[in-house]
Amino acid sequence: MASAFGHIAVAYAMGKTMKSVWGTTRFWIFTVVCCLVPDVDVVGLLMGIPYEHVWGHRGMTHSIMFAVLLGTVAAKITLSHISVWTKPYAVLAVYFGLVTMSHGLLDALTDGGLGTAFFAPFDDTRYFFPWRPIRVSPIGAAEFFSSWGLGVLISELIWIGLPVTVWLLGHRIFRRVG
Ligand SMILES: [Zn+2]
């Protein structure tokens, strides 16, 4: 995994890119939930489900299928008063789906573990991007407070923090101009 900080930074940038009318408390709560929830599979890992299993770490909960499902559910809870057959619902479902997917994509940019099972449950193959600049984050919190954790934070500052900052600044300027 990338660290929770990395996942939240990307999700925050995605949320800020949406029109400000969306910026409700529920919207932000589900933005954070969607970008972090894929790692619930760590529970399975602790319970003995092998890493490479479809329900193992970076398996089913990191897939496109899971992102679509979570996106539709999160949008329904966020817009509980609106029909699912409306444009606002569709926009939000796609948004939450993409936020969820950002998690698996970031994991596929890390330099450790197994890759992301993007196409589970149809295909269990794990995928990495050819270029993996982000240091993999330890699964245990205790290990995070070590030189390993520090290395993760530095690599995420460069490869996530910097692009996210540039993106947010660019977005701000573009919005002002437009
Ligand atoms: Zn993950």
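In this predicted model, helix 2 (residues 25–36) packs against helix 5 at an angle of about 35°, and the two axes lie 7 Å apart. The crossing of helix 2 and helix 5 is right-handed. On the helix 2 side, the residues that do the touching are Phe30, Thr31, Cys34 and Cys35, and they meet Phe96, Val99, Thr100, Ser102 and His103 of helix 5. Sorted by class, the residues of this contact come out as 5 nonpolar, 4 polar and no charged.

Helix 5 also has helix 1 as a partner. Here the angle is about 140°, with the axes 10 Å apart, and the crossing is again a right-handed one. Helix 1 brings Gly6, His7, Val10, Ala11 and Met14 to the contact, while helix 5 brings Leu98, Val99, Ser102, His103 and Leu106. The class count for this pair is 6 nonpolar, 4 polar and no charged residues. Val99, Ser102 and His103 of helix 5 turn up in the contact with helix 2 and in the contact with helix 1.

Which residues of helix 1 are buried? They are Gly6, His7, Ala9, Val10 and Ala11.

Along its principal axes, the C-alpha trace spans about 45 × 35 × 30 Å. Of the 178 residues, 31% count as buried. As for contacts between residues at least 6 apart in sequence, 61% of them join residues at least 24 apart.

Most residues other than glycine have a negative phi, and most peptide bonds are trans. Arginine 58 is not a glycine, yet its phi is positive, at about 65°. This arginine sits in the loop between helix 3 (41–46) and helix 4 (64–78). Is arginine 58 buried or exposed? With 29 other C-beta atoms within 10 Å, and 20 or more being enough to qualify, arginine 58 is buried.

Histidine 57 is found in the loop between helix 3 and helix 4 too. Its count is 26 C-beta neighbours inside 10 Å, so histidine 57 is buried as well. Leaving out residues up to four places away in sequence, histidine 57 touches Asp41, Val42, Leu45 and Tyr51. Aspartate 111 is 54 residues from histidine 57 along the chain, and the C-alpha atoms of the pair are separated by 15 Å.

Alanine 120 and proline 121 are joined by a cis peptide bond, with omega at about 5°. Proline 121 lies in the loop between helix 5 (87–107) and helix 6 (141–144).

Methods. Residues are numbered from 1 along each chain as its sequence is written. This is a predicted model: local features need pLDDT of at least 70, side-chain atom pairs count only at pLDDT 80 or more; totals for chains, interfaces and linings use all residues. Helices (H or I, at least four residues) and strands (E, at least two) are DSSP runs, numbered from the N terminus. A residue is buried if 20 or more other C-beta atoms lie within 10 Å of its own, exposed if 12 or fewer, and partly exposed in between; C-beta atoms are placed from the backbone. Two residues are in contact if their C-beta atoms, placed from the backbone, lie within 7 Å. Axes are lines fitted to C-alpha atoms, for helices over the stretch in contact, and angles run from 0 to 180 degrees between N-to-C directions. A crossing is left-handed if the near helix is turned anticlockwise from the far one by less than a right angle, and right-handed if clockwise. Ala, Val, Leu, Ile, Met, Phe, Trp, Tyr, Cys and Pro count as nonpolar, Asp, Glu, Lys and Arg as charged, and the others, Gly among them, as polar.
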